[in-house]
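Please look at the structure first.

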Amino acid sequence: MRVIVVGAGVLGTMHAWQAVERGHEVVHLEREGEARGASVRNFGLVWVGGRAAGPELDVALRARELWERIGARVPALGFRPNGSLTLARTAAELAVAEAALKLPDAGARGYRLLDPDEVRALNPALRGSYLAGLHCARDAAVEPRTAQPALRAALEATGRYAFLPGREVRDLVGGRAVRDDHGQLHEGDLVLLCTGAWLGGLVRELAPDLPVRRVRLQMMQTDPLGETLTTSVADSDSFRYYPAYAGPELDALRAGQPQPPTAEQHRIQLLMVQRRDGGLTLGDTHEYDQPFGFDVVEDPYDHLADVAAGLLGRPLPRVRRRWSGVYAQCTDPALVVHRQQLADAAWLVTGPGGRGMTCAPAIAVDTADAAGL
């Protein structure tokens, strides 16, 4: 078969990967010269620990295995099974972490609770103040800024893949072809639209009642830390944003320990990942009301830097990059992705939200199975 994939973010690239893996030919179109959306403006986290029990956790665990296999074949992905630590600083936060150990699927997530000495033995860079750390051994990381080019290079080596950047798709023609803004028709046996947060234009035409919203975030990256951060790190405000931790302990945390005003206003959690060059990627915020601001604001960055410094026990290195990004999220939080058949041989796949980097390989497998690849 000849498969036309539209969108070169991680979701589109993984759909192209899956099609080539199954022996098909792929033409891959991207409206920018290179992916510039949420797929490169993220932490590179393969984040299993906080996923909701059931389909979401199943997809995340399958994707985690796929990332490891693909990473072994494409070293430039920078895949590393580094795990994560979510650090509890108060008794109420510790209660949420302790409750997580009692989940029926705690073993599948790789949960264990570490005291401060055990945390520092696992991650010596965490010399700050905390009561305990919830370790999730199944979490991992890749390099988001280089993942898509690395995957494409491996795909091009097969001889069955062509990447066409700078092509905005304007029309779906006959259900099996697309026409781009150069006037060129790309015909195939299957069309997969993986357009990320681009929900206007052709996508609105084809799916006017799309149950997907857009979310904006702010992040930053520092100069090299000067030592190894052996795990990804989260503060316990992340408990508030991941469904696995729902329960009476989290209700008590919300009721008795409100977030600081800046964190509450910008819906902040600290996530911190070390990049290959030693720098730290930190975030993030959540903005839901449109129109989004066009600028980044400093208060969230100050809050994140203070929290990170408190956990590290040292000031952050100089911040060298700040950015914002927008991703697409299903309005029904129980749905991992919105997958819609537009015609006999055309599908739209969007809306994984903050799960896109984590779940993309397994989402692509499920699309390929549904579409008969």
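The buried residues of helix α6 are Pro 144, Ala 147, Gln 148, Ala 150, Leu 151, Arg 152 and Leu 155, where buried means under 20% relative accessible area, exposed over 50% and partly exposed in between (1.4 Å probe, protein chains only). The model is predicted: local features need pLDDT of at least 70, side-chain atom pairs count only at pLDDT 80 or more, and totals for chains, interfaces and linings use all residues. Residues are numbered from 1 along each chain as its sequence is written, and side-chain values use heavy atoms, with hydrogens and water left out.

**Helix α6**
- Helices (H or I, at least four residues) and strands (E, at least two) are DSSP runs, numbered from the N terminus.
- Helix α6 spans residues 144–156, 13 residues in total.
- From first to last C-alpha, α6 reaches 19 Å, close to the expected 18 Å (1.5 Å times one less than the number of residues).
- The cover over the buried residues of α6 includes α1 (10–21), α2 (55–73), β8 (161–165) and α11 (356–370).

**Cis peptide bonds**
- The bond from Gly 283 to Asp 284 is cis, with omega near 0°.
- Gln 290 and Pro 291 are also joined by a cis peptide bond, with omega about 5°.
- Asp 284 sits in the loop between β16 (280–283) and α10 (298–312), and Pro 291 lies in the loop between β16 and α10.

**Positive phi**
- Arg 267, a residue other than glycine, has a positive phi near 50°.
- Arg 267 is in the loop between α9 (261–266) and β15 (271–274).
- Arg 267 counts as partly exposed because its relative accessibility is 33%.

**Background**
- Most residues other than glycine have a negative phi, and most peptide bonds are trans.

Definitions and conventions
Contact = heavy atoms within 4.5 Å.
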